[in-house]
Amino acid sequence: MIEIEIKAKITNPKIAFEKIQEIGGVYSHTEIQRDIYFNGENKDFKKTDEALRIREIPDGDDFINILTFKGPKLDSKTKTRKEIEVTINDKDNMTEILINLGYKPSAIVNKVRRIFKYDKYTITVDKLNELGYFIEIEYVTKNSEDIEVIQDKIFEIFNQMDITEGFEKKSYLELLEKNKVNNIN
């Protein structure tokens, strides 16, 4: 699968919720997500522009755990990339497998994600304590020939919501790492 994702920094989530609903977006649900990123001794995902993570999502008294591999970005203006996901039943054993393969937990990203559906797109409003609010629009496809058309449509949707600036290509992990560096200096 290819994930086509574009996100923008926003200052007022309430206005974003209103704009999403104005264009016809329908609220689905809210998730608290904890992403545990891994990096390897023999493969530095920062250098290869890839990511390997386990996402934990509380689900009643239990958790939904998803192992995700994200390939390198496929273009210079968006976060379009190959994405492979699988639900895992045992996060601790999966973590142990990854450690035994040479990968170690390297960072944790926590966020609250409000999820909306709009046509075939997923729109999320994310809150990260260290970074603030972002709005993401995502589309998943199997057909790499449609990427530019979908990217243009996502920018059109942002335009309909009067969001024309603040676009960010970096992942939340990259932004948090940059923020740490900036906070140290």
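**View 1. D119 sits out in the open on a loop.** With a relative accessible area of 63%, D119 counts as exposed (over 50%; buried means under 20%, and partly exposed is in between, with a 1.4 Å probe and protein chains only). D119 belongs to the loop between strand 6 and strand 7 (strands are DSSP runs of E with at least two residues, helices are runs of H or I with at least four, and both are numbered from the N terminus). Although D119 is not a glycine, its phi is positive, about 55°. Most residues other than glycine have a negative phi.

The model shown in these views is predicted, so local features need pLDDT of at least 70 and side-chain atom pairs count only at pLDDT 80 or more, while totals for chains, interfaces and linings use all residues. Residues are numbered from 1 along each chain as its sequence is written, and side-chain values use heavy atoms, leaving out hydrogens and water.

**View 2. D49 is another residue with a positive phi.** Look for D49 in the loop between helix 2 (45-48) and strand 3 (51-59). Its phi is about 60°, and D49 is not a glycine. D49 is partly exposed, because its relative accessible area is 24%.

**View 3. T68 is tucked into strand 4.** Strand 4 spans residues 62-70 and includes T68. T68 is buried, because its relative accessible area is 1%. Its side chain makes a polar contact of 3.2 Å with the side chain of E85 (N or O atoms within 3.5 Å, one able to donate a hydrogen and the other to accept it; sequence neighbours count only if both atoms are side-chain atoms). Leaving aside residues up to four places away in sequence, T68 touches A51, L52, R53, E83, I84 and E85 (contact means heavy atoms within 4.5 Å).

**View 4. I154 belongs to the largest nonpolar core.** This core has 23 residues, and those with the most contacts inside it are I123, I135, I154, F158 and M161 (a core is a set of buried Ala, Val, Leu, Ile, Met, Phe, Trp, Tyr and Cys residues joined through side-chain atoms within 4.5 Å). Among the elements giving two or more residues to the core are strand 1 (2-10), helix 1 (13-22) and helix 4 (147-160). Not counting residues up to four places away in sequence, I154 touches I4, I6, Y121, I137 and Y139.
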